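Here is a short note on the model you sent me. Please read it with the structure open beside you, one point at a time.

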Amino acid sequence: MTKKLLPVLALLTVAVALVVTGCGSGVPSNSVATVDGTPIKKAEFDHWLSVAARQSVAPGSTATPAVPDPPTYAKCVAALQSQPTPKGQTKPSAAALKAQCQQQYNGLKTQVMQFLIQSQWLLKEADARNLTAKPAAVQKQLDDQIKQSFPKKADFNKFLKTSGMTMQDLLFRVKVDVLTQQVRQKVVAGKDKVSPAAISTYYNKNKTRFAQPERRDLLVVLTKTKAKADQAKAALQSGTAWKTVAKKYSIDQASKAQGGKLPGVAKGQQEKSFDTAIFSAKKNVIVGPVKTQFGYYVFKVTNITAASQQTEQQAHDTIVNLLRSQQQQTAINNFVKDYQKKYKGKTDCAKNFVIDSCKNAPKTKTSTAPVSGAAPQQTPAPAPSSTTGK
């Protein structure tokens with residue numbers, strides 16, 4: 001239900017090289033990180049860790065979500081111990097369950113931290129560009145999404161209860177969506193203009209992309225032996241219907257099911273000997289047998305579609321759309337590279353909450369952080385304390 005209501009906002013995503021290291025500092029004791037001086041509170045992290053744990057429960061499961069609680073994971077272990085053991089399996093030991101809770105915590109921690117940090121990145125960038133998401137517009141967009149996804153109010157209330165999210169959380173997700181779109185529009189502004197010279201240059205360098213080769217429609221019979229092929233050809237020459245001969249002699253099930261038809265063959269698609277025979281044959285003349293690695297072909301060309309070449313004018317719209325898309329993507333890629341480097345350099349994380357997006361993270365070769373405040377599929381939407389009051 002979450003995906004339908006609030007799709008993943010994976011806009012402006014690109015892998016870029018990041019080789020930044022340092023030491024975390026200035027993170028308040030009640031916070032897990034700071035982004036350019038703005039703290040991400042521990043209480044906020046705990047809230048979204050709980051929501052993420054709820055989302056990790058298998059659909060339809062009635063099991064109580066086991067929220068990982070380091071360092072002992074006592075509540076998580078107890079929750080797992082209360083779950084029934086599948087028939088025929090041995091109940092896991094407390095140590096094994098603790099290891100399971102720790103593994104789950106590490107995975108959810110990374111997802112939630114990534115989401116909360118990147119939310120702050122997006123807020124900072126939007127503020128720097130003087131972009132705002134009007135509350136009335138955000139509320140309307142959320143209302144529309146709720147109506148579309150939950151025709152009955154009871155279903156929406158159930159969603160809120162089971163997901164652990166609040167209306168404030170959902171409003172923030174929509175706000176992030178709106179701001180993400182606005183940032184993207186700013187980044188690609190003016191990149192939709194394509195000059196006539198660029199169109200001509202592209203067309204002249206890529207003429208073959210706008211050409212269609214000659215194509216021939218065939219009737220074929222494929223046999224294992226030359227003797228069978230000779231028999232099939234004789235039957236055809238005596239006037240027996242092609243579909244009758246194909247049904248009796250052909251071993252090619254695909255064309256046989258179509259009465260021997262093999263349409264739209266372009267040069268180079270068939271084995272060399274068969275290809276040569278096809279494109280040297282005259283229309284409506286039975287040819288063969290032609291020996292190939294698959295057997296012996298007897299065939300007839302029934303239609304010839306001549307090769308064609310689109311003019312620059314005919315290809316104009318296709319080229320414009322392609323070049324426009326390339327220009328916009330280049331602008332986005334360049335922006336994201338600078339954006340990630342800029343905000344990673346302003347992000348400090350507490351010792352036990354360091355991820356790749358932190359300035360004090362270990363050296364890494366690549367990062368694929370999305371620009372929006374969107375989280376991975378199993379991670380909830382962000383709700384930075386500065387906005388939601390959490």
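This is a predicted model: local features need pLDDT of at least 70, side-chain atom pairs count only at pLDDT 80 or more; totals for chains, interfaces and linings use all residues.

1. The protein has 14 helices and 11 strands. Of its 390 residues, 41% are buried. Take the contacts between residues at least 6 apart in sequence: 74% of these join residues at least 24 apart.

2. The sheet. Strands of a sheet pair through backbone hydrogen bonds, either parallel or antiparallel. Here four strands make an open sheet with antiparallel pairing, and their order is β6-β5-β8-β7. The edges are taken by β6 and by β7 (286-292); each has a single partner strand, so one side of each has no neighbour in the sheet. On average, and with direction ignored, neighbouring strands of this sheet are turned by 40° against each other.

3. Strand β5 and its partners. How many bridges join β5 to β8? There are nine, and β8 (residues 295-305) runs antiparallel to β5. One of the pairs to look up is V220 with its bridge partner F299 in β8. Towards β6 (residues 261-266), β5 has four bridges, and these two strands also run antiparallel. R215 has A266 as its bridge partner in β6, and R216 has V265.

4. Helix α9 (residues 226-237) lies across β5, β7 and β8, and runs at about 170° to β7. Helix α10 (residues 242-249) also lies across β5, β7 and β8, with an angle of about 45° to β5.

5. Helices α2 and α4. Two packed helices are described by the angle between their axes and the distance between the axes. For α2 (residues 42-55) and α4, the angle is about 120° and the axes are 10 Å apart. The pair therefore counts as oblique. The crossing of α2 and α4 is right-handed. On the α2 side, the contact is made by E44, F45, W48, L49, A52 and A53; on the α4 side, by Y105, L108, K109, V112, M113 and L116. By class, this contact has 10 nonpolar residues, two charged ones and no polar ones.

6. Helices α4 and α7. Which residues of α4 (residues 94-128) meet α7 (residues 167-188)? They are S119, L122, L123, E125 and A126, and they meet F172, K175, V176, L179, T180 and V183 in α7. The residues of this contact divide into seven nonpolar, two polar and two charged. The two axes come within 10 Å and cross at roughly 50°. That angle makes α4 oblique to α7. The crossing of α4 and α7 is left-handed.

7. What to check. On the structure, trace the strand order β6-β5-β8-β7. Then find helix α4, where Y105 is among the residues that meet α2 and S119 is among those that meet α7.

Note on methods
Residues are numbered from 1 along each chain as its sequence is written. Side-chain values use heavy atoms; hydrogens and water are left out. Two strands pair if DSSP finds at least two bridges between them. Axes are lines fitted to C-alpha atoms, for helices over the stretch in contact, and angles run from 0 to 180 degrees between N-to-C directions. Angles under 35 degrees count as roughly parallel, over 145 as roughly antiparallel, 65 to 115 as roughly perpendicular and the rest as oblique. A crossing is left-handed if the near helix is turned anticlockwise from the far one by less than a right angle, and right-handed if clockwise. Contact means heavy atoms within 4.5 Å. Ala, Val, Leu, Ile, Met, Phe, Trp, Tyr, Cys and Pro count as nonpolar, Asp, Glu, Lys and Arg as charged, and the others, Gly among them, as polar. Buried means under 20% relative accessible area, exposed over 50%, partly exposed in between (1.4 Å probe, protein chains only).
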